[in-house]
Amino acid sequence: MTVPDNKKIVEERKELIKEVLKAYPEKAAKKREKHLNVHEEGKTDCGVKSNIKSLPGVMTARGCAYAGSKGVVWGPIKDMIHISHGPVGCGYWSWSGRRNYYLGTTGVDTFGTMHFTSDFQERDIVFGGDKKLTKLIEELDVLFPLNRGVSIQSECPIGLIGDDIEAVAKKTSKTIGKPVIPVRCEGFRGVSQSLGHHIANDMIRDWVFPRADQGKKDGTLKFEGTPYDVAIIGDYNIGGDAWASRILLEEIGLRVVAQWSGDGTINEMLMTPNVKMNLIHCYRSMNYISRHMEEAYGIPCLNYDNVS
């Protein structure tokens with residue numbers, strides 16, 4: 001049996017990395033080079049630097065702030081249209097990548113596995129995409145009239161050129177008469193999905209709950225509570241696990257008013273400030289909004305897990 005020449009293998013792999021880097025522009029290649037290396041026998045690691053911010057336009061094997069917001073928190077809200085605002089790539093590669101199961105008729109009253117993008121081109125980078133985004137939201141509302149709202153999930157170029165998605169959200173919300181939530185979750189903002197979770201939570205606090213408070217004040221949002229009302233927070237119904245949790249909780253006598261965000265709806269989000277307790281499944285992604293509800297509405301929260 002021939003013993004492999006490890007030194008030769010290492011050199012071959014280093015040459016392969018050099019060949020890959022030739023495809024990048026010089027500046028991008030210099031930064032990307034830090035992410036690629038070959039492990040050599042006797043060394044504790046291969047010297048790869050990974051805990052740094054994502055580069056706009058450079059694909060990453062891990063998550064980014066956009067992935068944390070669109071892919072985790074907002075995307076599973078089934079009756080809203082979630083627009084990947086920017087070039088087609090980010091939305092396409094994150095399209096229906098997680099098994100967030102939901103009930104409903106896709107394209108009619110639920111939109112979880114559909115891909116909506118503003119498909120930025122070079123001219124949009126130069127002249128801005130606010131008008132394009134406005135037209136897109138208005139057209140989508142005509143095409144899918146049973147949608148209950150829209151979220152704008154910003155990709156890297158939006159933050160780089162400074163599009164005013166908040167102004168677009170306010171304008172189009174009045175036009176279509178539904179919530180339009182701007183989420184500044186550009187991928188380069190964080191080194192992982194975690195900051196995207198935080199940003200998404202903050203947008204619920206700033207754009208969804210004020211609508212709930214106003215609805216409660218003027219009587220347009222009606223809710224008949226019980227002492228046993230709870231909300232499942234941070235369960236994305238991956239493979240149907242939120243359904244299993246809901247069954248167990250209801251069998252012990254609790255009333256599950258809302259589940260965030262797997263198989264969830266915007267109306268459930270609006271109702272959540274009325275519950276008696278929040279049950280958090282994924283603490284990392286939803287602790288921010290749970291702490292806010294505890295401070296603002298006096299709703300205690302409890303971490304739980306289950307085997308479904």
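The entries below go from the overall layout to charges, cysteines and surface patches.

**Ground rules**

I am working from a predicted model, in which local features need pLDDT of at least 70 and side-chain atom pairs count only at pLDDT 80 or more, while totals for chains, interfaces and linings use all residues. Residues are numbered from 1 along each chain as its sequence is written, and side-chain values use heavy atoms, with hydrogens and water left out.

**Overall layout**

I began with the secondary structure and found 12 helices and 8 strands in the chain. Helices here are DSSP runs of H or I with at least four residues, strands are runs of E with at least two, and both are numbered from the N terminus. I then boxed the C-alpha atoms along the principal axes, which gave roughly 75 × 50 × 35 Å.

Next I checked burial: of the 308 residues in the chain, 45% are buried. I use "buried" for under 20% relative accessible area, "exposed" for over 50% and "partly exposed" for in between, with a 1.4 Å probe and protein chains only as cover. The areas themselves come from the Shrake-Rupley method.

Which helix did I note as mostly covered? That was α3, where 9 of its 10 residues are buried. Among them are Tyr66, Lys70, Val73 and Trp74.

**Salt bridges**

I counted 13 salt bridges in the structure. Each one is a side-chain nitrogen of Lys or Arg within 4 Å of a carboxyl oxygen of Asp or Glu.

Are the two partners buried or exposed? Lys78 is buried at 13% relative accessible area, and Asp263 is buried at 9%.

I also looked at Arg205 and Asp206, which form a salt bridge with closest N and O atoms 2.7 Å apart. Asp206 is partly exposed at 36%, and Arg205 is partly exposed at 31%. From there I moved on to a network, in which salt bridges that share partners join Glu166, Arg184, Glu186 and Arg189. Within it, Glu186 and Arg184 meet at 3.3 Å, N to O, and both of these residues are buried.

**Cysteines**

How many disulfides does the structure hold? I found 0, taking a disulfide as a pair of cysteine sulfur atoms within 2.5 Å.

Cys64 is buried, with 14% relative accessibility. Cys282 is in no disulfide either, as its nearest cysteine sulfur, that of Cys301, is 13 Å away. I have Cys282 down as partly exposed at 29%.

**Surface patches**

For patches I take residues with over 30% relative accessible area and no salt bridge; like charges are joined within 9 Å, and nonpolar side chains (Val, Leu, Ile, Met, Phe, Trp, Tyr) within 5 Å. Lys and Arg count as positive and Asp and Glu as negative, with His and the chain ends not counted. The place of a charge is NZ of Lys, CZ of Arg, CG of Asp or CD of Glu.

My positive patch on the surface is made of Lys27, Lys30, Lys31, Lys34 and Lys49. Of these I looked up Lys31, which is found in helix α2 (residues 26-32) and is partly exposed at 37%.

The nonpolar patch I noted covers about 470 Å² and is made by Val88, Tyr92, Trp93 and Trp95. Trp95 lies in the loop between α4 (88-93) and β2 (116-117), and its 40% relative accessible area makes it partly exposed.

**Two loop residues**

Arg98 also lies in the loop between α4 and β2 and is partly exposed at 35%. From Arg98 to His85 I get 20 Å, C-alpha to C-alpha, over 13 residues of sequence.

My last stop was Pro25, in the loop between α1 (6-21) and α2, which is exposed at 55%. Pro25 and Val183 are 158 residues apart in sequence and 30 Å apart in space, C-alpha to C-alpha.

Technical notes: Areas by Shrake-Rupley, 256 points an atom, 1.4 Å probe, with all protein chains shown as cover.
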